[in-house]
Amino acid sequence: QVQLVESGGGLVQAGGSLRLSCAASERTFSSNAMGWFRQAPGKEREFVAVIVLWSSGNTYYADSVKGRFTIARDNAKNTMYLQMNSLKPEDTAVYYCAASLLRGSDPYYRRHNVYDYWGQGTQVTVSS
């Protein structure tokens, strides 16, 4: 059974850091790309970052998080991470990890409808 399970969310003050984890079943981890999205109350789900697994692990980021967030994966643990530094109140959202079976490149993976599997989400709240 395909599964993605996020963890690591919580409450943090502005300027702080959090690391989100996405534990994947082995089958999911053989996807062609894995990404992070977020959704704040009353807003659309938005792209945060992607690691393109079929293309040397290239990574791409939304402009709003570039330089602050880092996406990475640990093959041995079947886990993807999102290290979030210098957090801002506007980063507050539910964060989702997702896996895509399709081959493509940036900006293809910035669209949430190209992803086949999703986790349940983890809440990140940044206080000012």
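Me: Over the ring of which residue does the charged end of Arg45 sit, 3.9 Å from its centre?
Reply: In this predicted model, the charged end of Arg45 sits over the ring of Tyr96, at 3.9 Å from the ring centre. Arg45 also lies over the face of Trp118, where the distance to the ring centre is 4.7 Å.

Me: Turning to charged pairs, how many salt bridges does the rule give?
Reply: Side chains of opposite charge can pair when their charged atoms come close. By the rule applied here, there are five salt bridges. Among them is the bridge between the side chains of Arg38 and Glu46, with an N to O distance of 2.6 Å. Its two partners can be read separately for accessibility: Arg38 counts as buried because its relative accessibility is 5%, whereas Glu46, with a relative accessible area of 35%, is partly exposed.

Me: Which residue forms a salt bridge with Asp91, and are both partners buried or exposed?
Reply: Asp91 forms a salt bridge with Arg68, and the closest N and O atoms are 2.8 Å apart. This pair links distant parts of the chain, since Asp91 is in the loop between β8 and β9 and Arg68 is in the loop between β6 (58-61) and β7, 23 residues apart. Asp91 and Arg68 are both buried. By contrast, Lys66 and Asp63, whose side chains meet in a salt bridge at 3.3 Å from N to O, are both exposed. Arg38, Glu46, Arg68 and Asp91 are linked in a network of salt bridges.

Me: Which cysteines are joined by a disulfide, and which parts of the chain does the link tie together?
Reply: A disulfide is a covalent bond between the sulfur atoms of two cysteines. A search of the whole structure finds one disulfide, and it joins Cys22 to Cys97 with an S to S distance of 2.1 Å. Cys22 lies in strand β3 (residues 18-24) and Cys97 in strand β9, so the link ties together parts that are 75 residues apart in sequence. With 60° about the S-S bond, the link of Cys22 and Cys97 is right-handed. Cys22 counts as buried because its relative accessibility is 0%, and Cys97 counts as buried at 0% relative accessibility.

Me: As for the backbone, which peptide bond is cis, and where do the positive phi values of Asn78 and Ser86 fall in the chain?
Reply: Most residues other than glycine have a negative phi, and most peptide bonds are trans. In this model, a cis peptide bond joins Asp106 and Pro107, with omega at about 10°, and Pro107 is placed in the loop between β9 (93-100) and β10 (117-118). Asn78 has a positive phi, near 50°, and is found in the loop between β7 (69-74) and β8 (79-84). Ser86 likewise has a positive phi near 50° and lies in the loop between β8 and β9; at 40% relative accessibility, Ser86 counts as partly exposed.

Me: How far does the backbone oxygen of Lys77 lie from a polar atom of the side chain of Thr79, and is Thr79 buried or exposed?
Reply: The backbone oxygen of Lys77 lies 2.8 Å from a polar atom of the Thr79 side chain. Thr79 lies in strand β8 and, with a relative accessibility of 10%, counts as buried.

Definitions and conventions. Residues numbered from 1 in each chain as written. Predicted model: local features only at pLDDT ≥ 70, side-chain atom pairs only at ≥ 80, totals over all residues. Heavy atoms only, no water. Helix = DSSP H or I, 4+ residues; strand = E, 2+ residues; numbered from the N terminus. Buried < 20%, exposed > 50% of the residue type's maximum accessible area, 1.4 Å probe, protein only. Salt bridge = Lys/Arg side-chain N within 4 Å of Asp/Glu carboxyl O. Polar contact = N/O pair within 3.5 Å; in protein donor to acceptor, adjacent residues only side chain to side chain. Disulfide = S-S within 2.5 Å. Lys NZ or Arg CZ within 6 Å of the ring centre and 35° of its normal.
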